[in-house]
Every structure is written in structure tokens, then in C-alpha cells.
Amino acid sequence: LFVEKPPSSVVAVSAKVDSSSLQRKPTMKWLKGKWLDLGSKAGKHMQFKETYDRNTKIYTYEMKIIKVVPGDAGGYRCEVTAKDVCDSSTFEISVEGQDAGEDEGDLDFKNVNFKPEKQEPEIDVWELLKSAHPSEYEKIAFKYGITDLRGMLKRLKKMKQEPKHSEAFLKKLESCYTVEKGKKIVLSCEVVDPNVQVKWLKNGQEIKPSAKFVMEANGNIRTLTINKTNLADDAAYECVVGEDKCATEVYVKEPPVTITKLMDDYHVVVGERVEFEIEVSEEGAHVMWSVNDSSKFRFKKDGKKHTLIIQEATLDDAGMYHAWTNGGHTKGELEVEEKELEVLQDIADLTVRATDQAMFKCEVSDDKVTGKWFKDGVEVLPSDRIKMSHIGRFHRLVIDDVKPEDAGDYTFVPDGYALSLSAKLNFLEIKIDYVPRQDPPKIHLDTTGNMVSQNTIIVVAGNKLRLDVEITGEPAPTVVWSKGDQPITENEGRVRVESRKDLSCFVIEGAERSDEGNYTICVNNPAGEDKAVLFVKIVDVPDPPENVKCTAVGEDCATIIWEPPKFDGGAPIKGYLMERKKKGSSRWTKLNFDVYESTTYEAKRMIEGILYEMRVFAVNSIGMSQPSLNSKPFMPIAPTSEPTRLTVHDVTDSTCSLKWLAPEKIGAGGLDGYVIEYCKDGDTEWVVANKDLCEKQGYVVRGLPVGEKINFRVVAVNIAGRSLPAILSQPVTIREIVEHPKIRLPRELRTKYIKKVGEKINLTIPFQGKPNPLATWFKDGQPVDPKMVNVRNTNVDSIFFIRSAEREHSGTYEMVLKIENMEDRAAINIRVIEKPGPPQNLRVTDVWGFNAALEWDPPKDDGNSEITGYTIQKADMKTKEWFTVYEHNRRPHCTVSDLIMGNEYMFRVYSENLCGLSEEPRSSKNTAVIPKTGVTLKQNPYKEKDMACAPKFTQPLVDRSVVAGYSTAISCAVRGFPKPKIVWMKNKMIIGEDPKYLMQNNQGVLTLNIRKPSTFDGGKYSCMAVNDLGKDEVECKLDIRVPQDGI
């Protein structure tokens, strides 16, 4: 009785997300292990479901695993993201055993032995891995359903190691970290000693600080930051403190590979080649195809292009083909139809006389098709008289020297097709009768061939018409063929007349439409005449259909109409064939194999947002026309979903202000705008409130009757049409709501509002109240002068504007907001300030030592602002350069110190307020003179030190042994004053200006360079330094070695 049985083993996991505080719809990801996205695994085995409760605003996400297998065991994680907010949750799925399948039969307890059976001991996979050789790890993991091989090896390694207590770390690194390619990751641990130095290792190699690897120490916390991670950063990391260390692993995830070019659908016949091609966002990406027998298919990669190739399609290859990447999925449908064989020229019946030749000929659409000939059901075999040929699409059976036994029914049967072509061979016997010498002429027409009626012959355009007419009469009559009134006399050419004994042949090669018409054959002899009229009808494939266009579209469908062809080819139109393709593609897909009779067609199974083109073929009994012109490109699109959260924002005596949010689903057609409609409660006729589409998500409906209950609805409109309406849950009563006037004075205006002279004052004071209140401004109790102050009022605020502030604008301004007898007031104190004047009566009151005392009076004009201080400057009467002594001095007096003795000083003072220093200073009326006192400078006696000394070598010459031919140098160091004279000697002989030697003296360092010495240059070298106070000498021995061969 079951239509569908419940699955034997199902795991269902659900998660709920509260979206009441979210601005956008959340996105859920289901992951297995560290980063395996399960979205690409959706199918019969793994299913995902999403529901939304509009009342509670809670999304429910559910993951189902149908027919659980051991490989489904492991750790799972669900991640939900919404704009900048992210949350995740982990859970485990363990598979304990396998349930019995449905096909294991009914239970039978007749012969059950209830003795306990020996059960095989349960195998611990980890114990098995610990004792196995590393080469067996992959095989064991596959057998027991472990998919994360790398995680398995890491866990196995930890199991083999005994855990050690760490004395250097308070908190170790996490066991592993995961980061997306190109992002930043921070590894953090906590050490015991805040002053200890740590080393960071990557795969055992020490990491040096750089822009990529940033190491930081903050108290006990040690962090390693890896910037712009790449696949090379996927490694094991260690933090080392002395001999103690903690380790972790970093897994770098590559960004998902998306599919940039989707898969096309194919409609082919058996034996054709099929190429499913896609393009991905990155070269070398891994693409997975859904195929059962990979040996039958060929896969090709070319940069970002991936191709699945089927060399020769069969009926078994029909179906949906899928391609997956870790960030996308596409599919294409393959439809395979049996290859149909079309008969282009049928076999015609023949009537031949004895000893003549009979030839049966037919033409089929496939030049590779072979076949057999049969006579009265018996296969015809070739002989000297009977020959069969197959050239291209033409099959011929030729019978020479026809005999009476050759008459019968002949049939051609193509191999592999349920099709047969038949014709009849009539044998014409010759009888010799004794007749009078004169016999009137007679036309004998054969009505069994192409003649469809007594006087009509149908010929397919392009084919050959040969009409053999038997003529009798004695004496032999003359024959005249004519078309209309024009006789046909040519015996050569495309249209000709051939004459034989007792036969007149009328031939048209490659029939054309202009050959259609009435043809007359007239025969006469002395005994009389005979005449026959034939109508030759030329039939052809029809002209292409016209005006193919799309009249309507849906989410995955479109309605196409067209006009029949102007010329039907002389045969009734049987129907039409349709094809479509994506714009920009060159591959057309057939939409029907059976002819479609109507001129309106609904094309389905299209992809929303993709541009398509259509073309139509007309079909009659002769064949198929050329394709029509392509239709204009069209795009399957659907209307949007209804607008959301429609609410009433404001109501007056004649208006209602509505607000709403955009539809949840907009689609490829976009959103053009909204239509707002209303009707009285109880009526069914809706009135459109806006003439033009409203592009904003709010509208004020005007001209509503006072006191009526009105229903409102909003409809979204795009190129596909109107969406479902969003309707208010209850009608709205049109009546003004009285609200007391209230001024919302900004916080910065509740104290003094200070501006400088010349600045702009622009204040916006919001307020509320219903009906619209009246705002009035006063200054010091009097209405403001409109020549000095500009005021502009709206329904929700009042704008107070002064283009250029002057000090006369200062004062207390009061705003009064009135609604009938209700009012609200707010005062604003505005002060316009400028720079102050200079101080008054600056004077020097006292001078003592290096000091001078100054006093002054405050300025007469304080600039409408409190004086905040003074700036004091001094100047020497000689240089008259001014230097600042004090800034922001608050008192009207000060003492200037550190004046220079013997100089005379003058002083000046600037006033300062919130606008800055005064334009002009006030100079002192008198000066301060600092007198000189008697002071004598006593210098200490200077004694020059004697630096003279005899020469003394501080560094002696050193014995050396060098190889002949290699330049060398000997050096020593000497000191002495006056500068000593240096003399170099070899074997007590002074070395003169010999170019072989170069003598140098650099700050007492003496060097003798010997260029490429030979064995004669060996000996004792000495250096002597001499001045007026004495001399000193050092010497050394130089050995010259001759190199030996092979050393």
C-alpha cells in the first residue's frame, strides 16, 4: 500500500537562526572536517532544506543524510554569515552499524537456533593503524571510511607520542589553524616568563622577522602574524622556549573556483559527436564530472576550458550531465534521437519492351547506407544481365535485355532501417496484327506513374521528368508538344522532346517552378488526329516562415509566434520544426522532432537571465524549408516577489504616507519601480495612485476622502510584469492626528553659539507637531529683521541663515512654534566676535639688575569676547629685532629677565581673545637701560708641550716565505718627531729607484711592495728610520719558493 516507504537510515540535523536584528538574509554553509563544503554534494544521498517563519523571523536550516554509510562519520560544522556578522557551531556524527537492506527477505523464525553466535571482535581502527606500515595507511583509511587523511596522520602521530608536561608555557598553541588564501592569521601562545625570548619555526626551519612574518611579545603573550597567506604557508609551526616547544599546523584554503561559462544543452542523433564545454575562473582548477563509465568519455583541459567529449553518441548517453568545482555547479542536458533516413527520390514504376533496358533508381539522405534489392520478396542477385550499384546517395538496379519473366514487384530495403521502397516492372508485349493500311493516330497515356489524376503530373523541383507516351497509327503520325500556345521543338537542352519508334518522350531536366503549366500533345496522320492535355505541377520545399518573434516570457519559458511561409511549395504545410540557441553561441538545439502544426509555440526548460534566439523551419511533404531569420534576442525572466514590510508612516486629513522594503527575490529582470493602489474598504475596484512608476520605497497618496477607511497595496514591476501585491493587513482611517508642537533643539545650541565676524551662520532647528505648526523668530523680544536674517520654514524644521555675521547680529534669538492655541519656545544665544584692540598705557615701571618690570591697561575694545591673555615682545635698540618673551600672559603686568648688560630695550604687547591676537600692538612709552659694571678677564698661562722624540719602531718586520712569481709586501710601523727619514735596504744595500719595488708611508705605517719576486729577490730586508734625535732599524728574512709540478 505504500507509495513511498520511509528510508531505512536517515540522519537529520537542523539549526535555527534569528534574523530579527539582521539587515540581510543570512547565508548558511554546511562543512565536513576543516573545509569540505557539502553544498556541492547535494543529491539523493545528502539533502538540504531551508524554511522561514514570517511571524517569528526565524530561518530553519536542515541537513539530511539518506542511507548513512561509515564514510559519513566525523566532525561537521555549520557556519552562518550575514554581512559583517558570523557564527558557527560544530557537531559530531558517529556511525555505529549498518541496518539491514530492504531486499533481505521476510523474517522466518521456524529453524532459528537461539544459541549465541560467535561475534567477531570489534576492530579498533587506530590500534590497527598504529601497528601497520605507513604504506598501508591510505588503504586502511579508505576501507574504514576515513576521508581526512592528513588529519588522520596528525592524530596518529600524537597518539604515538607521550604527552609531556610543559614548564615554559601557560597556554600552548591551538592544535591547528585554518585560513583562506590571501588572508592574515595570528598564532598566539602564553609563556611563563614574560622576559623570555622565543623562536618560531616553520617545518623545523627558523623564521626570520619580515613584512610577511611579524613576531610580537606583549607581556606573557607571544604572537606570530602571517600576512597574505599562500599555499606555501600550509605547514607545521613551532614556538620554542629553550628546550621546550609547542606545535601547531596551519591549513591554507584556496578560494572557491567558480564556473564562468555554463554548460550548453545538446540535441543530437545517434552517432554524432558531443562536446560539453565549461570555463572556470582559474587555470589548472579541479573539475569533477558526473559520469558512470569514464572509459567511454574523453576529458580535455585547455587553460580555463574543460571539455567532456563523447565521440559517437548512443541512446544510453541521453540524460543530464553535471560538472562541479568547489565553488560552483552547472549542468547540461543531452537528448539523443534515433537517426531517421529520408527518401529524397522514390523508385518509379517502369514499362519496358523486350530486349530493352530497365533501370530502377532511388536516392536516400545518408550516403553511407547500404541495402538489398528484392523481386517479389526474393533477394535479387547480380548476374551478367542484372547489375546493382551504390554511388553516394543513389542506389540503382539495372536489368539489361528485359524478358517477360523479369516483370514483377521490385523492392529496395536499406540495411538497419524499417523502411522499403517498391516499384513495379511492366513487360510490354509486341503483337503483330494485320491492320488496314490507314489507322487513325492514338495517344496511349500511362496513368500508373507520376500521374496523380487523369491529366495531372506532380514533379519535385530539381528532379527530372521523363514522360514516355506511346503513339500508334498508320502511317506513323507526326507529334507536336506545346506549352500553352508555344510549341516545343527543341530536341536538346533542359526541356526537350525525344522521338523514337512508336514513342514520344517529353523530358524536363531539373524541374523549376516556371515549368509548371498545361502541356498539349497533338498527333495526326492522314487518317486523323488525337490530342491530350497534361497539367505538370512542380512541387518544392516551402519558403521559410516569417516574422518569428517572442511575445511573452516567464521564469524558464517563452512564447514564440510566427507567420506561415508565403509559398507553401505547392504542397500543404504539414507543420514546423523549431530550434533555439544562446546568444553568442553557434550551436542550435532542436526543440521538437515531430512536426508542430500551430504557429504559436511555448519553449520551456530555459535559464533565467540568459539571452536566447529562435528560428523556425516549415515542413511539407517534399521536405524542410530553409531556416527563418533569427528572432530578436529575448531573455526568460519572471516578475519579482511581492514587496515586504508595507507599513503606514503618516496620515493626514487627505493623505497617507506609505513605506516598504524591496522584494526578497528580484531575479534577472531587475526592478523598474512600484505601483501603489488603493480602494475603499468593502469595494473591489482598485485605483492607481501614481501615474509614473515610483522608484523609491515610499510614497504619499494624496486626495483621499476624510474619515474613510482605505485599503492600500503595493506592486513591484519589472520587464516581466507585475508581482504579487503587498497588502496592508487592515484598512487605514484617513484622519489628521493632533500632536503638540515640540522643538528639538540640537545639543550644541543649548549653550552660547559663538561665530567669528564674516563667517556664515546656518542653523537647522527640527520640530514636530500636527497639523503643520507655524514657526516665528524673535530677537530680544522683537521680530527678526528679514534684511539681516533669512528664515525658511518647512513642515519638519526651520532654517536660520546669516550669510556674513557681524557683531550687531549678536543677541538672544527665540523661536516660537504654534499650533492654534498651543505653542513651544526655544532660545538661542548667538555671539559674534572679532579680534580685540591693543592694550592701553604700556610702560616700564622699574629696572634692576638684568630685569625690567612692565605694566599696561586692558584694551578698550575686547572684540565682544573675553581677553584670554597677552603676548609680550622685546627688541634691542641697536638691532631692533623683536623676540617674544611671554605668550598667553593673563595678568596686565610682567617681569622681563635675562636682559643683556649695556643694552637698551623697548617693549610691545598684543591683546588676545578667542579670535586671536590683536591686529596692532601697543609699544612702551619709555625704555629699559641695563647699565655696565666693572669686570676683568684673567687668563690661565699656557705651556707648550715638547713632542720631539727619537725614531722608534712600534711594529717590527716579520720573516716571510712566498712563492716565486706572486707579488708580496712586507710592512712595519714607526713613530718619531720631527718626521724621520725612511731607508729600505736589501742585504745591507740601499734599495734605490728600482721599479720592482714600491715604498709607501701612510701615517707611520711603512710598506715595501715587491712585484713578482724571483729566487734572486730572497735575502735579508731591513728598514731604518733617522731624524735629528737618533735612529732605529728593524730587519726580516724573505724566502722565495719555487713551485714544483703536481703540487
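Colleague: How many aromatic pairs does a search of the whole structure find?

Modeller: The search of the whole structure gives 21 aromatic pairs, where rings of Phe, Tyr and Trp (its six-membered ring) pair if their centres lie within 6.5 Å, and planes under 30 degrees apart count as stacked, over 60 as edge-to-face and the rest as tilted. One of them is the tilted pair of Trp 373 and Phe 412, with 5.0 Å centre to centre and 45° between the planes. Trp 373 belongs to strand β28 (residues 371–375) and Phe 412 to strand β32 (residues 408–414), so this pair ties together parts that are 39 residues apart in sequence. Strands here (E, at least two residues) are DSSP runs, numbered from the N terminus.

Colleague: And is Trp 373 buried or exposed?

Modeller: Trp 373 is buried, at a relative accessible area of 3%, and Phe 412 is buried too, at 1%; buried means under 20% relative accessible area, exposed over 50%, and partly exposed in between (1.4 Å probe, protein chains only). Another pair, Trp 481 and Phe 506, is stacked, with 5.0 Å centre to centre and 15° between the planes. That pair links distant parts of the chain, since Trp 481 is in strand β37 (residues 478–483) and Phe 506 in strand β40 (residues 503–508), 25 residues apart.

Colleague: Before we go on, what should I keep in mind about the model?

Modeller: This is a predicted model, in which local features need pLDDT of at least 70 and side-chain atom pairs count only at pLDDT 80 or more, while totals for chains, interfaces and linings use all residues. Residues are numbered from 1 along each chain as its sequence is written, and side-chain values use heavy atoms, with hydrogens and water left out.

Colleague: Changing topic: where does Glu 677 lie, and which side chains does it make polar contacts with?

Modeller: Glu 677 lies in strand β51 (residues 673–680) and is buried, with a relative accessible area of 5%. The side chain of Glu 677 has a polar contact of 2.6 Å with that of Arg 713 and another, at 3.2 Å, with that of Arg 722. A polar contact is a pair of N or O atoms within 3.5 Å; within protein, one must be able to donate a hydrogen and the other to accept it, and residues adjacent in sequence count only if both atoms are side-chain atoms.

Colleague: How far apart are the C-alpha atoms of Glu 677 and Arg 713?

Modeller: Those C-alpha atoms are separated by 5.5 Å, although the two residues are 36 apart along the chain. Arg 713 also lies over the face of Trp 686, at 4.2 Å from the ring centre, where a charge sits over a ring if NZ of Lys or CZ of Arg is within 6 Å of the ring centre and within 35 degrees of the ring normal.

Colleague: Which side chain does Glu 579 make a polar contact with?

Modeller: The partner is the side chain of Arg 615, at 2.8 Å. Glu 579 is in strand β45 (residues 573–582) and counts as buried at 10% relative accessibility.

Colleague: Last one, where does UniProt place the "domain: Fibronectin type-III" feature?

Modeller: The unreviewed UniProt entry places that feature at residues 544–640, 642–737 and 838–933; UniProt positions are given in the numbering used here, feature names are shortened, and annotations may be inferred rather than shown by experiment. Residues 544–640 are 0% helix and 40% strand, with the end C-alpha atoms 37 Å apart.

Conventions
Helices (H or I, at least four residues) and strands (E, at least two) are DSSP runs, numbered from the N terminus.
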